[in-house]
Amino acid sequence: MQTWARYSLVILVILIFLHSILSLSHEEYSRATSLSSIIGGGKKYEAPLVPSEYYFPLDATNATLAVDRRANATFVILARNSDINGAIRSVRDIEDRFNRARGYPYVFLNEMPFTEEFKKRVSVLSASKMEFGLIPRDHWFQPDWIDEKKAAASRNKMEEEKIIYGGSVSYRNMCRFNSGFFFKHELLQKYRWYWRIEPEVHFHCDLSFDPFLFMEDHNKTYGWTITMYEFEKTIPTLWGHVKEFMRLHPEYVAKDNAMGFMSLDGGDSFNLCHFWSNFEIADMDFWRGEAYTAFFNYLDSQGGFYYERWGDAPVHSIAAAIFLDKDRLHFFDEIGYEHNPYTHCPKRQESWERGRCSCDPDKSFDYDGYSCMKYWDNFINGGR
């Protein structure tokens with residue numbers, strides 16, 4: 001064998017070896033370089049633009065000029081007193097980019113009473129109504145029926161495996177609360193629609209249309225901007241319970257659902273794709289309805305929020321994908337959104353320019369190796 005051929009063979013062997021090591025030790029690398037990721041692209045989906053009649057003059061000096069109609073909607077912000085600076089930045093951002101011309105109210109929720117300083121510093125940011133609520137104890141804290149010894153063993157194992165928030169009880173409380181209780185809070189009972197906002201998020205584009213009215217008028221239920229994989233080790237038994245629930249309650253499964261986005265084999269397995277729920281605009285009547293109530297109660301009874309680390313993102317996403325027709329899910333490409341470390345930036349040039357966006361479309365997370373956007377493209381374009 002010639003010298004150059006031997007060197008080429010050695011280099012190839014080394015590359016294969018390194019690829020194997022990285023695939024086993026780095027989940028994100030494994031997904032980004034998997035065959036399904038490489039070939040799963042195809043035609044990119046272009047979400048329908050929000051019609052021009054939903055746009056309003058964001059630059060109007062008198063915000064009432066832009067308010068001829070509003071939805072029964074609110075912003076929901078789950079925050080602690082220690083999140084004050086991050087909450088201020090998020091409210092300032094959404095006010096500047098959208099709400100100063102619309103005047104939608106805010107509901108802040110905390111498992112501890114908000115301090116007067118928090119309420120004062122946040123309230124000064126907007127003329128909109130702001131309410132500050134205390135989360136009921138039984139909606140937040142770990143239930144007494146959970147086997148704490150079993151739950152602690154799971155947390156310790158996840159900590160050893162260096163899984164993010166693996167050892168945190170408070171994170172699990174939050175995930176369970178967001179999954180099944182926030183929409184039951186007394187301050188939210190008067191509202192139908194909500195837009196979830198977290199401390200320390202950033203909105204990159206002017207939003208001069210009303211997403212609530214658009215969704216209400218077009219029979220949409222769940223709106224999102226980012227989709228990604230879940231950490232498999234945090235939900236090892238979740239899909240099995242989902243399948244069992246569907247077996248027990250086929251009447252709740254929508255005929256034209258979005259199962260094909262989350263499963264490539266007809267529902268036998270879960271590809272881990274979900275909508276990143278730190279941004280969601282949705283109809284609380286869906287969460288309050290019969291199908292989701294039965295679904296959450298069933299999942300909650302399995303204890304997976306504490307025996308594993310089930311997140312509200314996969315729980316919400318799976319429910320929306322299975323119990324709703326796929327056309328009731330909406331991808332808001334126009335909304336430039338950042339939750340560190342990921343950013344969605346509008347793909348369409350016209351949306352980017354109209355929104356006077358500060359983000360770089362070439363650095364949008366949409367087609368990053370850890371994004372599930374390629375699966376959404378394939379599904380919505382008729383791939384499955």
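This is a walk through one protein chain, from its overall make-up down to single residues.

Before we set off, keep in mind that this is a predicted model, where local features need pLDDT of at least 70, side-chain atom pairs count only at pLDDT 80 or more, and totals for chains, interfaces and linings use all residues. Residues are numbered from 1 along each chain as its sequence is written, and side-chain values use heavy atoms, with hydrogens and water left out.

Let's start with the whole chain. Its secondary structure comes to 17 helices and twelve strands. Those names follow DSSP runs, numbered from the N terminus: a helix is a run of H or I with at least four residues, and a strand is a run of E with at least two. Of the 384 residues in the chain, 55% are buried. Here "buried" means under 20% relative accessible area, "exposed" means over 50%, and "partly exposed" is in between, using a 1.4 Å probe and protein chains only. Now for contacts, which means heavy atoms within 4.5 Å. If you take the contacts between residues at least 6 apart in sequence, 81% of them join residues at least 24 apart.

What sits inside? The largest nonpolar core has 110 residues, and Trp195, Trp287 and Phe295 touch the most other members. A core of this kind is a set of buried Ala, Val, Leu, Ile, Met, Phe, Trp, Tyr and Cys residues joined through side-chain atoms within 4.5 Å. Helix α15 gives this core its largest share, seven residues.

Helix α13 (residues 290-302) packs against α15 at an angle of about 140°, with the two axes 11 Å apart. The axes are lines fitted to C-alpha atoms, for helices over the stretch in contact, and angles run from 0 to 180 degrees between N-to-C directions. Angles under 35 degrees count as roughly parallel, over 145 as roughly antiparallel, 65 to 115 as roughly perpendicular, and the rest as oblique. That is why α13 and α15 are called oblique to each other. On the α13 side you'll find Ala291, Tyr292, Phe295 and Leu299, which meet Val315, His316, Ile318, Ala319 and Phe323 in α15. Sorted by class, this contact has eight nonpolar, one polar and no charged residues. For this count, Ala, Val, Leu, Ile, Met, Phe, Trp, Tyr, Cys and Pro are nonpolar, Asp, Glu, Lys and Arg are charged, and the others, Gly among them, are polar. Phe295 turns up here again: leaving out residues up to four places away in sequence, Phe295 touches Val242, Phe245, Val315, Ile318, Ala319 and Phe323.

Helix α15 (residues 312-323) also meets helix α8 (residues 169-180), and here the axes come within 8 Å and cross at roughly 20°. That makes α8 roughly parallel to α15. Cys175, Asn178 and Ser179 of α8 make the contact with Asp312, Val315 and His316 of α15. These residues divide into two nonpolar, three polar and one charged.

Next, two strands. Arg196 has its place in strand β4 (residues 193-197). Is Arg196 buried or exposed? With 9% relative accessibility, Arg196 counts as buried. Apart from residues up to four places away in sequence, Arg196 touches Val76, Asn178, Ser277, Asn278, Phe279, Glu280 and Asp312. The C-alpha atoms of Arg196 and Ile77 are separated by 6.2 Å, although the two are 119 residues apart along the chain. Over in strand β1 (residues 73-78) you'll find Thr74, which is buried with a relative accessible area of 0%. Beyond its neighbours within four places in sequence, Thr74 has contacts including Leu188, Trp195 and Phe212.

The peptide bond from Asn340 to Pro341 is cis, with omega near 10°, and Pro341 has its place in the loop between β11 (337-339) and β12 (342-344). Lys162 is not a glycine, yet has a positive phi of about 60°. Lys162 lies in the loop between α7 (148-160) and α8, and counts as exposed at 72% relative accessibility. Arg356, also not a glycine, has a positive phi of about 45° and lies in the loop between α16 (349-354) and α17 (373-380).
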